[in-house]
Protein chains: 2
Amino acid sequence: MAKEKKFVEAITSRDEDFAQWYTDVVSKAALCDYSGVKGCMVYLPNGYAIWEKIQADLDKRFKETGVENVYLPVLIPESLLEKEKDHIEGFAPEVAWVTMGGNEPLQERMCIRPTSETLFCEHWSRTVQSYRDLPKVWNQWCSVLRWEKTTRPFLRSREFLWQEGHTIHATYEEAEERTILMQKVYRDFIQESLAIPLIAGKKTESEKFAGAEDTYTVEALMHDGKALQAATSHFFGSGFADAFGINYLDKNNELHSVYETSWGLSTRMIGGIIMVHGDDSGLVMPPRIAPIQTRVIPIAQHKEGVLEKAAELMGTLKAAGYSVNIDDSDKSPGWKFSEQEMLGIPTRIEIGPKDIENNQVVVVRRDTREKIVVSMDEITDRLGDILETIQKDMFDRAKKFLDEHIDTAVAMEEMISKFQAKGGFIKAMWCGCEECEEAIKAETGGASSRCIPAEQEHLSDTCIYCGKPAKHMVYWGKSY
Amino acid sequence: MAKEKKFVEAITSRDEDFAQWYTDVVSKAALCDYSGVKGCMVYLPNGYAIWEKIQADLDKRFKETGVENVYLPVLIPESLLEKEKDHIEGFAPEVAWVTMGGNEPLQERMCIRPTSETLFCEHWSRTVQSYRDLPKVWNQWCSVLRWEKTTRPFLRSREFLWQEGHTIHATYEEAEERTILMQKVYRDFIQESLAIPLIAGKKTESEKFAGAEDTYTVEALMHDGKALQAATSHFFGSGFADAFGINYLDKNNELHSVYETSWGLSTRMIGGIIMVHGDDSGLVMPPRIAPIQTRVIPIAQHKEGVLEKAAELMGTLKAAGYSVNIDDSDKSPGWKFSEQEMLGIPTRIEIGPKDIENNQVVVVRRDTREKIVVSMDEITDRLGDILETIQKDMFDRAKKFLDEHIDTAVAMEEMISKFQAKGGFIKAMWCGCEECEEAIKAETGGASSRCIPAEQEHLSDTCIYCGKPAKHMVYWGKSY
């Protein structure tokens, strides 16, 4: 629980100790709590409400592209997990195994899903027969479990909430199109609704998903100069289909493999929102995803008529479709302001005797603290404009920060000094071999390949590490 | 997958073999599929879409009463599950145990939650300190796992989806009020939105939830005369609070226990919708919870202009806020009708050359098959009225059926003959002792105590079984 008194204790400064600042915000905004189970979190109302907003927005975007929601079992028999070679190698080391049901040992142990490709494939292998059954464009909202060694709230936990989309298609092209479409859906959602600018591209061999032919990613830059993989979309070709025997008869009664994709976004994005937009006063929520858009705070509320007017104002704003609440507790305005700021509520509306006298209110922006005097008669329209301005300004600030932290390098010394100076993303040429990729990460002190962007630039002819002919321009950065 | 051709094979008649009819509907309406894991289901798009509608409706009703959503871990350490004596006795035999994380055995085994009282209590015991922290009125939407021996789609599966609400309060009265309020929320939701009439009351000692002081239930009657426990709301007093040490300081700095409740409704209700409203043509969805409210079916669609008009009609209805789709496939109208009926879509709108000529459409009710000719100009208004009429008629028919299957008995022979004649609910007096409860169930061939209604009737002075003074009038019935 966030105790009232905690709100006025200053939290650790973001630039002094970013990790501690992050932990302070998570706990003081009461987003989540640790549980008795190591690495598993309790999503508290303030944190879960953000996830609900993310779900509603993203789910709508999914359905506009023809996605249907389903739910598959939480348990995967070991024999099923093992069917796709690369997949089992990737996940076996980090799953939790169920070995007892009731008081009896199971004949075959089952793991709690770390991801559900195998379950979807098992179902489709039994049920898909003809081209008329295709495509399947399915998604499920659920939790998954991965037995991580080190964990951090939202960013890396053993259990986390996500959506996992799984699709099968009659042709290679249609499946590849869907993979790229979902990368775009994620990109639009994160940039438009979360106000987080992104770089986008393909993962290298060593960074792609276990079993995938291609992994498309969108990556964000946190305030500390580290990258966050925000969402990924995987193209499997017919690898899983062949491993599971998912075939269909076409119009001419010829048998073919299906082509498959999967794509996911998780509660990790809540960590992204905190680390991109937060400041030394706490969380700053983008208005479009904020569970509460404005909080009414009466000033000198003991004075006659103030509470009534404040309540009336809240009613008017609610009726106009805003998500709004009021703090009419006996705390001081100072307490109330710092609590509203810690929670990241995009605006607060101050209303006191003088305001009432002048038929006005004072809207205070969370992001800039700018105070805007608005006539009571115009508040329902103006508030919407102010929220949209905040949304836009938050994106623009984050975009400026991202652009200032993208640099290029053509020699290792240059890359090392630039990367160690301010982190961020460094664009550099690469020959495509894994040894160079690892060496670059080692020598820069952690800059791994983030993605190979579609828009390639020709920075030089040769790999920045080995000097052999370059294949790709790659974004490099240290990642969460 | 429901294959097209299956839709015209007649399904088993409901009155001939109810169990087989149920299985046929579930599979031919493509609501769910069995998975590779015994007792775990795949919720297919048609089935999951119903759950999404239930979630949206119920979640709104919850939030109107101040409920906040959260998410707690899927795993419960054994030591935590054991803290409340009755609770562990109730659940230990039917949980699945995780004993390995990655490749290492766990120091303490953990079960997959069968229900989450213990996790909520553990969290509150660490975080609740003062009256300012109360009440907590929380809910989570998740899946739970219970290692059932025999399973049936939606009605009894090892993993199922549900919501579980958990609340703590400063006083006994406030907690009891919340328990009863949630019973009312369930009752209103199920009767108003699912069109399923209910009986309501308290469970007897032997039927109540493991660890509860009181369990309030709402029970529905299926078409085969068997009862379905639709939702339950539990009052725990301070039992869990004391077991977990959840105390708070009041305004005078005195320490008190909190009082707790929990309440849940699951995907079982989808089985209830099928078994109350379905008929020999398949599913019949109540309009308020139907994922699709109407399907447009073009007649003689090869004729010029028909498909265009049908698509235009769908657009108009969508714009007016209806959830509508169209079947413009190359199947025959007969196929299309039987498919729409199998899926239980509350109405279909037939539109052919003659209709277009007369500027009209034909709306066909799924529940009665009544054909209603509606002018094209009035369809957007009229469709809403027709859907509301269907909703009301479906409830009234189910209520009539329920009333016809509630009887009373004052002697065992009477009870046995009446119960074995047509099942349903029998009202009879009971002394309150468990032996009689068991004997009644045995001698009637399965009529267990369903609930003790708040509105008691005095049928006689003595227990129908032992003849000792009666304590309660009880509803008895055979239950799923």
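This is a predicted model: local features need pLDDT of at least 70, side-chain atom pairs count only at pLDDT 80 or more; totals for chains, interfaces and linings use all residues.
B:Ala30 sits in the loop that links α1 (18-28) to β1 (32-34) of chain B. Check its backbone: phi is near 55°, a positive value, and the residue is not a glycine. That is worth a stop, because most residues other than glycine have a negative phi. B:Ala30 counts as buried because its relative accessible area is 12%, under the 20% limit.

Next, select B:Arg369. B:Arg369 lies in the loop between β18 (360-365) and β19 (371-375) of chain B. Its phi is positive too, near 65°. Is B:Arg369 buried, exposed or partly exposed? Its relative accessible area is 36%, so B:Arg369 is partly exposed.

**Cis peptide bonds**

Stay in chain B and select B:Leu134 with B:Pro135. The peptide bond from B:Leu134 to B:Pro135 is cis, with omega near -10°. B:Pro135 belongs to the loop between α5 (117-127) and β7 (136-145) of chain B. Now switch to chain A and pick A:Leu134 and A:Pro135. A cis peptide bond joins these two residues, and omega is about -5°. A:Pro135 is in the loop between α5 and β7 of chain A. Most peptide bonds are trans.

**Cysteines**

Select the cysteines in all chains. How many disulfides does the structure hold? The count over all chains is zero. Zoom in on B:Cys111. The closest cysteine sulfur is that of A:Cys40, and at 12 Å it is too far for a bond. B:Cys111 has 0% relative accessibility, so it counts as buried. Then go to B:Cys436. A disulfide here would need the two sulfur atoms within 2.5 Å. B:Cys436 is also buried, with 4% relative accessibility.

**Chain A as a whole**

The C-alpha atoms fill a box of roughly 80 × 60 × 50 Å along the principal axes. Why does the radius of gyration of chain A agree with a compact globule? For 480 residues such a globule would be near 23 Å, and chain A has 25 Å. Of the 480 residues, 59% count as buried. Among contacts with a separation of 6 or more, 69% are between residues 24 or more positions apart.

Colour by charge. The 57 positive and 77 negative charges have mean positions 3 Å apart.

**Helix α10 of chain A**

Select residues 333-343 of chain A. This is α10, a mostly covered helix: eight of its 11 residues are buried. The buried residues include A:Phe337, A:Met342 and A:Leu343. What covers the buried residues of α10(A)? The cover includes α1 (18-28), α2 (45-64), β15 (294-298) and β17 (347-351) of chain A. Step past the end of the helix to A:Gly344, where phi is positive, near 75°.

Select A:Glu260, in strand β14 (residues 259-266). Its relative accessible area is 0%, so A:Glu260 is buried. Show its contacts beyond four places in sequence. Among them are A:Glu117, A:Cys121, A:Trp124, A:His234, A:Phe235 and A:Phe236.

Move to A:Ser116, in the loop between β6 (104-112) and α5 (117-127). A:Ser116 is buried, at 0% relative accessibility. Leaving out residues up to four places away, A:Ser116 touches A:Gln140, A:Glu164 and A:His166.

Now pick A:Glu148, in the loop between β7 (136-145) and β8 (159-169). At 17% relative accessibility, A:Glu148 counts as buried. Beyond its neighbours within four places, A:Glu148 is in contact with A:Arg156, A:Ser157 and A:Arg158.

Finish on A:Lys354, in helix α11 (residues 353-357). A:Lys354 counts as exposed, at 63% relative accessibility. Draw a line to A:Ala300, 54 residues away along the chain: the C-alpha atoms are separated by 9.9 Å.

Conventions
Residues are numbered from 1 along each chain as its sequence is written. Chains are lettered from A and ligands numbered from 1 in the order in which they are written. Side-chain values use heavy atoms; hydrogens and water are left out. The radius of gyration is taken over C-alpha atoms; the globule rule is 2.2 Å times the number of residues to the power 0.38. Buried means under 20% relative accessible area, exposed over 50%, partly exposed in between (1.4 Å probe, protein chains only). Contact means heavy atoms within 4.5 Å. Lys and Arg count as positive and Asp and Glu as negative; His and the chain ends are not counted. The place of a charge is taken as NZ of Lys, CZ of Arg, CG of Asp or CD of Glu. Helices (H or I, at least four residues) and strands (E, at least two) are DSSP runs, numbered from the N terminus.
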